[in-house]
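Me: I have a model open and want to learn to read it. Please take me through the features one by one.

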Amino acid sequence: MDTGKRWLPGVVMVWALAAPVAYGTGGGVTFDKTTVCLGDISDPVTVEVAETEKQRNRGLMERTDLAADAGMLFLFDREMNVGFYMFRTRIPLDVAFFDDDKKIVAMKTMVPCVSQDPRRCAIYNPGVAFSSALEVNAGFLKRHEIKKGDRYSMTSAAKCSAERGRGQAAAQESRAGD
């Protein structure tokens with residue numbers, strides 16, 4: 001039995017989804033900004049929101065730096081089960097993948113791809129379906145002790161409460177026990 005035929009359609013599908021990222025020029029792509037609370041971090045993270053295909057395809061490509069408390073939030077119309085890759089992305093990044101409840105279901109650290117051929121860039125697949133993803137500087141998630149199960153919420157507050165992230169589940173359990 002030729003097992004190569006079983007994986008080939010998946011590889012082609014990943015490449016088809018990744019190809020627009022590889023060849024997007026990014027010219028004229030702009031992003032709205034907002035802030036999100038993540039886990040138990042007290043200070044909100046300023047994020048650029050990538051919610052259109054054009055914005056998601058551009059992402060953080062060609063950037064040479066990213067503020068320590070900043071990132072990019074990718075929003076999808078439906079759950080996805082594809083990977084991210086780092087073609088023409090110059091900054092090492094952490095990515096947290098979220099389900100529909102804005103709960104982290106997977107996390108990866110991604111390194112820039114130095115190849116001029118996008119097909120030679122690693123694909124960072126979370127291995128689970130997700131509906132949004134947050135990219136921040138590499139090391140951010142570990143430094144802030146962000147874990148699977150933590151949540152994010154959009155906010156306009158100057159500070160985040162513990163109830164938004166990890167504390168949210170504990171607070172709900174506490175109220176349920178009253």
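Me: What should I know before I start?
Reply: This is a predicted model, where local features need pLDDT of at least 70, side-chain atom pairs count only at pLDDT 80 or more, and totals for chains, interfaces and linings use all residues. Residues are numbered from 1 along each chain as its sequence is written, and side-chain values use heavy atoms, with hydrogens and water left out.

Me: How many helices and strands does the chain have?
Reply: Helices (H or I, at least four residues) and strands (E, at least two) are DSSP runs, numbered from the N terminus. Here the chain has 4 helices and 9 strands. Starting at the N terminus, the order is α-β-β-α-β-β-β-β-β-β-α-β-α.

Me: What share of the residues is buried?
Reply: Buried means under 20% relative accessible area, exposed over 50%, and partly exposed in between (1.4 Å probe, protein chains only). In this chain, 44% of the 178 residues count as buried.

Me: Which parts does the disulfide of Cys37 and Cys160 tie together?
Reply: The sulfur atoms of Cys37 and Cys160 are 2.1 Å apart. Cys37 lies in strand β1 (residues 32-38), and Cys160 in the loop between β9 (152-155) and α4 (166-177), so the pair ties together parts 123 residues apart in sequence. The torsion about their S-S bond is about -85°, so this disulfide is left-handed. Cys37 is buried, at 0% relative accessible area. Cys160 is buried too, at 11%.

Me: Which cysteine does Cys113 join?
Reply: Cys113 is joined to Cys121, S to S 2.1 Å. Their S-S torsion is about -80°, so this disulfide is left-handed. Cys113 is buried at 12%, and Cys121 is buried at 7%.

Me: How do I read the contacts in the chain?
Reply: Contact means heavy atoms within 4.5 Å. Take the contacts with a separation of 6 or more: residues 24 or more positions apart account for 72% of them.

Me: Which residues touch the most other members of the largest nonpolar core?
Reply: A nonpolar core is a set of buried Ala, Val, Leu, Ile, Met, Phe, Trp, Tyr and Cys residues joined through side-chain atoms within 4.5 Å. The largest has 26 residues; Phe74, Phe84, Leu93, Phe97, Met110, Phe130 and Ala133 touch the most other members. Elements giving two or more residues to this core are β3 (70-80), β4 (84-85), β5 (93-98), β6 (104-110) and β8 (130-137). β3 gives the most, with 5 residues. Another core lies apart from it, with 17 residues, among them Leu38, Ile41, Leu73 and Ala96.

Me: What does Met110 touch?
Reply: Leaving out residues up to four places away in sequence, Met110 touches Phe84, Met86, Pro92, Leu93, Val95, Tyr124 and Glu135.

Me: Is Lys148 buried or exposed?
Reply: Lys148 is exposed, with a relative accessible area of 61%. Lys148 sits in the loop between α3 (140-143) and β9. C-alpha to C-alpha, Lys148 and Lys103 are 7.5 Å apart in space and 45 residues apart in sequence. Not counting residues up to four places away in sequence, Lys148 touches Ile104, Val105, Ala106 and Met107.

Methods:
Disulfide = S-S within 2.5 Å.
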